[in-house]
Amino acid sequence: MMQALETVVARLQRQQGVVGAMLVGIDDGMVIAGDAGPGRDADTAAALAASLFRRTRMASSDAGLGDAKFVRLEADRGHMCATAHGDVVIVAVTASTINLGKLRLEMLSAAESL
Amino acid sequence: MIAGAVSAPWLDAPLRRFVQDSRVQRAIVLHPDGKVLGQFGFNSAAEVMTACALAAAINASGRELGRQLGGRPFLGLHQGGRKQGVFMGACSAAGRECLLLAAFDRDSTLGLVRLYFAEFRDSIGGVEEQGVEWEPPRDLETDLNSSLDALFGPIN
């Protein structure tokens with residue numbers, strides 16, 4: 001099981017522009033596998049990313065849009081993308097220059113493979 | 001704005017910030033011997049008294065267990081439930097050890113509570129000894145009653 005999770009993380013980390021990839025528990029916001037990239041605190045990123053994903057999903061549901069599938073946060077120096085499968089949130093921290101369309105497909109595919 | 005927070009003056013702002021950021025339902029800061037320093041979300045002195053007594057006992061048990069298992073006491077504890085979780089962590093203020101006990105529901109997560117507990121710990125860790133009035137230790141019951149009186153007023 002753990003090896004499968006590590007494989008998903010490694011697959012995302014190989015994408016050009018991805019600086020960190022993590023699997024995070026949606027209920028506890030704790031890191032299951034991976035990291036947020038060099039110089040970033042994985043525990044902090046995981047807790048905040050899981051919280052963001054949960055809240056976005058609630059907002060989406062409350063707005064009558066159904067379940068949120070993919071969340072992208074655009075910041076000054078990059079993006080944070082998240083998707084989920086079951087109890088696991090897949091989080092990618094990326095550079096601004098990344099091909100977001102390709103990353104989105106990779107992350108949704110990774111979620112399916114979990 | 002957080003209502004229902006009652007604390008020692010040096011603890012008030014850090015505890016309010018912790019509660020607001022981590023979105024916990026209840027939080028209590030106490031000495032390891034059970035003496036309460038501040039609380040948020042509790043409605044009565046009896047609730048606080050119970051929480052303090054249990055937290056002090058859990059802390060003592062956890063520390064001893066840590067010592068026996070690994071030679072070092074545990075510094076934190078988490079009890080996860082389906083709808084609610086409890087977190088307890090050790091910190092220090094003005095050179096004295098304190099415990100923070102927080103209860104949270106699905107509005108928060110263990111990761112968030114740990115994250116903001118670290119900020120809380122750093123915040124009260126910088127409190128100078130001059131800013132804190134520690135009462136000399138007495139027996140457990142007297143300590144507990146005096147701190148409950150300070151937080152909720154004397155029980156008539």
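Residues are numbered from 1 along each chain as its sequence is written, and chains are lettered from A in the order in which they are written. In this predicted model, local features need pLDDT of at least 70 and side-chain atom pairs count only at pLDDT 80 or more, while totals for chains, interfaces and linings use all residues.

**Sheet of chain A**

Select the five strands that form an open, antiparallel sheet in chain A, in the order 2-1-5-4-3. Strands (E, at least two residues) and helices (H or I, at least four residues) are DSSP runs, numbered from the N terminus; two strands pair if DSSP finds at least two bridges between them. Strand 2 (31–35) and strand 3 (70–75) of chain A are at the edges with a single partner strand each, so one side of each has no neighbour in the sheet. On average, neighbouring strands of the sheet are turned by 15° against each other, direction ignored.

Next, pick strand 1 (residues 18–25) and strand 5 (residues 88–94) of chain A, which pair in the antiparallel sense over seven bridges. Within this pair, Gly25(A) has Val88(A) as its bridge partner. Contact means C-beta atoms, placed from the backbone, within 7 Å.

**Core**

Val91(A) touches residues including Ala21(A), Val24(A), Ala49(A) and Met80(A), not counting residues up to four places away in sequence. Of the 68 residues in the largest nonpolar core, Val91(A) and Ile28(B) touch the most other members. Such a core is a set of buried Ala, Val, Leu, Ile, Met, Phe, Trp, Tyr and Cys residues joined through C-beta atoms within 7 Å. A residue is buried if 20 or more other C-beta atoms lie within 10 Å of its own, exposed if 12 or fewer, and partly exposed in between.

**Chain B**

Select strand 3 (residues 36–40) of chain B: five of its five residues are buried. Strand 2 (residues 26–30) of chain B pairs with strand 3 of chain B in the antiparallel sense over four bridges, and Ala27(B) stands opposite Phe40(B). In their hairpin, with five residues between the strands, Gly34(B) takes a positive phi near 105°.

**Between the chains**

Finally, show the seven residues of chain B in contact with ten residues of chain A. Helix 3 of chain B supplies the largest share of the chain B side, five residues.

Notes. Two residues are in contact if their C-beta atoms, placed from the backbone, lie within 7 Å. Axes are lines fitted to C-alpha atoms, for helices over the stretch in contact, and angles run from 0 to 180 degrees between N-to-C directions.
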